[in-house]
Amino acid sequence: MPDPDLHAEFYADVPTKRLIAFVVDTVLIVLLSLLVLPFTAFTGIFFFPVLMMLVGFVYRVVTLAGGSATLGMRLSAIEMRDARGQRLGLFLAFWHTVLFSVFFASMLLQAASILMMLTGARAQGLHDLLLGTAAVNRAAGQ
């Protein structure tokens with residue numbers, strides 16, 4: 001993983017880009033959930049937040065495992081890397097999504113995670129710190 005003191009460009013504007021990615025991903029998850037709704041015979045409308053959570057979980061695992069970034073992250077030119085600087089595989093993408101979901105469900109843990117992203121040298125959330133992952137700016141041409 002790049003050293004934030006020697007290679008600050010890898011972490012420049014990452015918290016802002018993560019926020020943009022989160023908004024884009026949320027919109028995409030809502031749209032995907034609406035597309036899934038007819039396949040539930042519209043009963044999914046009664047548990048739409050749960051449906052969104054399930055669709056979002058699959059969306060995040062698949063996109064993180066497939067390219068080390070969700071579509072929102074790709075749009076904002078960031079990607080997730082593990083402690084060795086490698087792209088995320090399925091195992092790490094799954095656990096990253098599990099921890100992200102658990103912490104998102106807890107207002108206190110999510111607030112702590114956001115604060116860590118805003119103040120940490122590597123802009124890591126709590127789930128990133130526990131897994132040794134970080135969002136970095138994607139190199140040009142990737």
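Phe57 is partly exposed, because its relative accessibility is 23% (buried is under 20% relative accessible area, exposed over 50%, partly exposed in between, with a 1.4 Å probe and protein chains only). The model is predicted: local features need pLDDT of at least 70, side-chain atom pairs count only at pLDDT 80 or more, and totals for chains, interfaces and linings use all residues. Residues are numbered from 1 along each chain as its sequence is written, and side-chain values use heavy atoms, with hydrogens and water left out.

Start with the rings. Rings of Phe, Tyr and Trp (its six-membered ring) pair if their centres lie within 6.5 Å; planes under 30 degrees apart count as stacked, over 60 as edge-to-face and the rest as tilted. This rule gives four aromatic pairs. Phe57 belongs to helix H2 and Phe94 to helix H4 (residues 90–105), so the pair ties together parts 37 residues apart in sequence. Helices (H or I, at least four residues) and strands (E, at least two) are DSSP runs, numbered from the N terminus.

Phe94 is partly exposed, at 34% relative accessibility. Its ring also pairs with Trp95: the centres are 5.1 Å apart and the planes at 85°, so this pair is edge-to-face. Trp95 is partly exposed too, at 36%. Elsewhere, Phe22, Phe100 and Phe104 form one aromatic cluster.

Among the residues in the contact of H1 with H2 are Phe22, Asp25 and Ile29 from H1, and Phe48, Tyr59 and Arg60 from H2 (contact means heavy atoms within 4.5 Å). H1 (residues 14–36) and H2 (residues 48–67) pack at about 115°, their axes 9 Å apart. Axes are lines fitted to C-alpha atoms, for helices over the stretch in contact, and angles run from 0 to 180 degrees between N-to-C directions.

What of the length of H1? Its 23 residues should span 33 Å at 1.5 Å a residue, and its end C-alpha atoms are 32 Å apart, which agrees (the expected span is 1.5 Å times one less than the number of residues).

Which residues of H1 are buried? They are Val14, Arg18, Ala21, Asp25, Ile29 and Ser33. An α-helix has 3.6 residues a turn, so residues three or four places apart point the same way. The cover over the buried residues of H1 includes H2, helix H3 (71–75), strand S1 (78–81), helix H5 (107–119), helix H6 (126–131) and strand S2 (134–137).
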